[in-house]
Amino acid sequence: MFTFRPIGYARTPYKNTQQVPKGLGAKQEAEGVLEILPEFEAGLTDIEGFSHLIVIWVFDRSEGFELIGTPPSDNRPHGVFAARSPRRPNPIGLTVVELLRRDGTRLHVRGVDMLDGTPILDLKPYLSSIPFEKLRRGWLAEAEARTRK
Ligand SMILES: C[S@@+](CC[C@H](N)C(=O)[O-])C[C@H]1O[C@@H](n2cnc3c(N)ncnc32)[C@H](O)[C@@H]1O
């Protein structure tokens, strides 16, 4: 077992899960603030140079898990590890956000999809090294193609 503690909390416009855009083509463009606890401020040194960050956080308001489920972006069931469901054995969320600016321990970002008050476990700079042509989008690409027909 592992024990984690939050390094901060996300401030977002979303008070409940229904408010977060979902389904095929949903765009995550909402702005929010990642409020990092003062004791971790030194860890933000040099973060301003990165355009995008990986935010690792906890689905603190989901219960239990489902190994097979039907996501809002498809009408077919998929395995939890082939999807981004909040109902996972380890309820860890991961979101890539655009860093707009830093104001001390407050990181203003765009692209939040987590609820207001969500605990943040970690931040890392986003460094994509996978060429676009090598990426495969699995069932999501098939679901997108079906909706275009
Ligand atoms: C599909 S998940 C994807 C989250 C993240 N981008 C990921 O891939 O891990 C996003 C959904 O999780 C739910 N959610 C967001 N914050 C949550 C929280 N703190 N606790 C439980 N569910 C949450 C909302 O319903 C939101 O639409």
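The legends below describe close-up views of a predicted model.

In this predicted model, local features need pLDDT of at least 70 and side-chain atom pairs count only at pLDDT 80 or more, while totals for chains, interfaces and linings use all residues. Residues are numbered from 1 along each chain as its sequence is written, and side-chain values use heavy atoms, with hydrogens and water left out.

View 1. The shell around the ligand holds 18 residues, of which Asp-60, Arg-84, Leu-94, Asp-113 and Thr-118 come nearest; a residue is near a molecule or strand if one of its heavy atoms lies within 4 Å of it. By class, this shell has eight nonpolar, five polar and five charged residues, where Ala, Val, Leu, Ile, Met, Phe, Trp, Tyr, Cys and Pro count as nonpolar, Asp, Glu, Lys and Arg as charged, and the others, Gly among them, as polar. The elements that give two or more residues to the shell are β3 and β6 (92-103), and β6 gives the most, with three residues. Strands are DSSP runs of E with at least two residues, helices are runs of H or I with at least four, and both are numbered from the N terminus.

View 2. On the backbone, a polar atom of Leu-94 is 2.9 Å from an oxygen atom of the ligand. Taken alone the ligand exposes 590 Å², and the protein buries 88% of that; accessible areas come from the Shrake-Rupley method with a 1.4 Å probe, and for residues only the protein chains shown count as cover.

View 3. The structure holds 14 salt bridges, each defined as a side-chain nitrogen of Lys or Arg within 4 Å of a carboxyl oxygen of Asp or Glu. Side chains of opposite charge can pair when their charged atoms come close. Arg-11 forms a salt bridge with Glu-35, the closest N and O atoms being 3.3 Å apart; because Arg-11 lies in strand β1 and Glu-35 in strand β2, this pair ties together parts that are 24 residues apart in sequence. Lys-15 and Asp-116 also meet through their side chains in a salt bridge, at 3.1 Å from N to O. Lys-15 lies in the loop between β1 and β2 and Asp-116 in the loop between β7 (106-110) and β8 (119-125), so the parts tied together are 101 residues apart in sequence. Buried means under 20% relative accessible area, exposed over 50% and partly exposed in between, with a 1.4 Å probe and protein chains only; Lys-15 is therefore exposed at 56%, whereas Asp-116 counts as buried at 19%. Arg-11, Lys-15, Glu-35, Arg-106 and Asp-116 are linked in a network of salt bridges.

**View 4. The loop between β2 and β3.** Glu-48 forms a salt bridge with Arg-102, with the closest N and O atoms 3.2 Å apart. Since Glu-48 lies in the loop between β2 and β3 and Arg-102 in strand β6, the pair ties together parts that are 54 residues apart in sequence. Asp-46, whose place is in the loop between β2 and β3, has a positive phi of about 75 degrees although it is not a glycine. Most residues other than glycine have a negative phi. With a relative accessible area of 58%, Asp-46 is exposed.

**View 5. A nonpolar patch on the surface.** Phe-65, Leu-67, Ile-68 and Phe-81 form a nonpolar patch with about 480 Å² of accessible area together. Patches are made of residues with over 30% relative accessible area and no salt bridge, like charges being joined within 9 Å and nonpolar side chains (Val, Leu, Ile, Met, Phe, Trp, Tyr) within 5 Å. Leu-67 is found in the loop between β3 (52-58) and β4 (68-69) and counts as partly exposed at 48% relative accessibility.

Key:
Polar contact = N/O pair within 3.5 Å; in protein donor to acceptor, adjacent residues only side chain to side chain.
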